[in-house]
Structures are given as structure tokens and as C-alpha cells.
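Please examine the sequence and the three-dimensional view that follow. The paragraphs after them lead from the whole chain to a few selected parts.

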Amino acid sequence: MSSHHHHVSFNPHPSKGELSVLFSGHAQTNPLHKVGPQVLDYYLVHYVVSGEGTFRCMGQDYHLERGGSFFIFPGELVSYESDELNPWSYRWVGFKGNRADEYLHMLGLSQHRPVNMTKQHRKLNALFHQLDHQLQGRLPNSDLQSQGYLRLILAEYAQSHHETNVPKEEASGIQQQIEQAIRWLTLQHNQPISIEQMAQSLGYHRTHLSKMFKQHTGMSPMNFLLKIRMERARLLLQDTLTVEQVASSVGFGDALYFSKQFKKWFGRSPSEYRQDQTTNPYDCNE
């Protein structure tokens, strides 16, 4: 089937600060096209232009169609798949920023409520399109322009959140503990850390935390940490770093041990993986 096409544009100079656009893109997917399960270390919003599909996050499935959006939060294990009969076409923007989390929470968006349906279909579609167009131009001011469009997009979501104003369900205490643990692991994954340390720094008993963690995410904290490290290593290998540098960047002091783990995880050694790599690290359609 050759109906699948997609396009990605990068921001050549993303700024540091409140909100910063990394890349944008759009795709018409094939039936049952699946992305993930994966963990990202940036935010990624998809806006469904047509068709339908399913987004999975925190063990929940969300069915979305035209006008729907789903948000991926850093450190969350997610996957998404297009419908068999009516595969979706969507636009996306990857972003980061020290206030991104706060802004999304203000819009009622979180890992527990990662989707938004809007009536402003044409307006949002146009904004995503303009942001994408801006980055394609690669103009010197594309960083500021794309930030502006991202804010306008978030403002549209704010509008539709305000209209529906769904009562916010508070995350349970356990849920918050798990989120804290996920954040901690994601932020510390480049350090040589132990689960013992995590339990201590979050103030929980190790066995209790591990049990809860597994119930909520389907994997042990150690495995989750390994997953984050391996996904990260896979991205870093597409850069020019040596295998030793990649290993220490994801918290492994021993490059040989790292290579063994990597091979166990992906079925190929880091150097084999690198040879096979011709793809784009931000390709949302692997």
C-alpha cells in the first residue's frame, strides 16, 4: 500500500524557555498504522484532520476522529494506531519548555486526560498548517513565529476546554505517587541510579512502590528505567557520539554492559543498529 505519506519540518534553532517548538509534520496513514509503544522526552500533540484511530496512554484507550487531538507527555508510555477502514490523517507539533506542563494542566490536559475534542475544526487545522509552513520556510524568525502559532493553538484548546468545562477528576494518591516516580526516572535516567534511591528520595518503601508501579504501568520500575534508557540511546545513536558516549549519556558506566543490554532490547548491537539507521530521529511514523 502506498497511500502512506508523511512530512516533517524541524526548527533549526529551538530556544530555551517557556515554550519552544521542536518540529512539526503531517501524515496520511495506512490502515492499522501503529506507532509505539514508546516514551518521548518532549511534548507531542496530534490533531486529527480526517479519519479515525485510537490513542493509548496510562492503560486507557481513546478513540478519536476529525477535530480530536491527543497529547503525549514526556516520560509516558504511549502508542497509537489508525483505524482499519478509515485511517486517520493528522498534523503534529513536538515542543518543550519549562512552562509547557503548567499550560497544559491549565487546559485540563494531563496524562489522565490527554485528549481534546473541538468544534473549531477549520481554525485549528489552519493554525497547525501555518506553523508547519513557517518551519518549512526555515526563516531566521521561524523560532519566534512557530512559538506564536503554538500559543494560538493552545489558546484554541483553552477555548474548547472552557466551553465543555468537564469536572476535573483528581488523580488518586497512588496515581500521583506513580507519576512522581515516572518523572523521577525520566529526569534521572542519565545518572547511575537505583530503585532504592528513588524510593528513598520519594519517601516510599521500595517493595510497595515497585508493586504499585507495576500495577499501574505494567512494568517494574527497573524495566521502565531500562526502556527509557534504551529509547534514549536509540535516538542518541543517530547522532555522531561514540558508543561509549551514548552509554554514559544514559547512565551506563560500562560500555560493554550497555551494548549487551541494548542488543537484548533491540536484537542488534549499538553498532549494527547504527549501520541500519537511515531514518530521522523525530520520525513519528517508524
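What percentage of the 286 residues in the protein chain do buried residues make up? Buried residues account for 48% of them, where buried means under 20% relative accessible area, exposed means over 50%, and partly exposed lies in between (1.4 Å probe, protein chains only).

The model is a predicted one, in which local features need pLDDT of at least 70, side-chain atom pairs count only at pLDDT 80 or more, and totals for chains, interfaces and linings use all residues. Residues are numbered from 1 along each chain as its sequence is written, and side-chain values use heavy atoms, with hydrogens and water left out.

The term pLDDT denotes the predictor's confidence in each residue, from 0 to 100. Its mean for the protein chain is 83, and 90% of the residues reach 70 or more. Over residues 163-170 the pLDDT stays under 50, and the model has 6 contacts beyond four places in sequence for them; a contact means heavy atoms within 4.5 Å.

The protein chain contains 10 helices and 10 strands. These are DSSP runs, numbered from the N terminus: helices are H or I with at least four residues, and strands are E with at least two. Of the contacts with a separation of 6 or more, 73% join residues 24 or more positions apart.

Helix α7 (residues 221-236) has 16 residues and reaches 22 Å from its first C-alpha to its last, close to the expected 22 Å; the expected span is 1.5 Å times one less than the number of residues. This helix is mostly covered, with 12 of its 16 residues buried, including Phe224, Ile228 and Met230.

The largest pocket has a volume of about 660 Å³. A pocket is an open set of points on a 1 Å grid over the protein atoms alone, with protein on both sides within 12 Å along at least five of seven lines; lining residues have an atom within 4 Å of a point. The volume is the space filled by probe spheres set on the points, which are joined across faces, edges and corners. Of its 21 lining residues, Leu22, Asp41, Tyr42, Lys96 and Arg232 are the closest to the centre. Helices α4 (173-188) and α7 each supply at least two residues of the lining.

Finally, serine 110 lies in the loop between α1 (100-106) and β10 (115-117). Serine 110 counts as buried because its relative accessible area is 12%. Not counting residues up to four places away in sequence, serine 110 touches Phe73 and His105.

Methods
1 Å grid on protein atoms, 1.4 Å probe; cavity = no way out; pocket = protein on both sides within 12 Å on 5 of 7 lines; lining within 4 Å.
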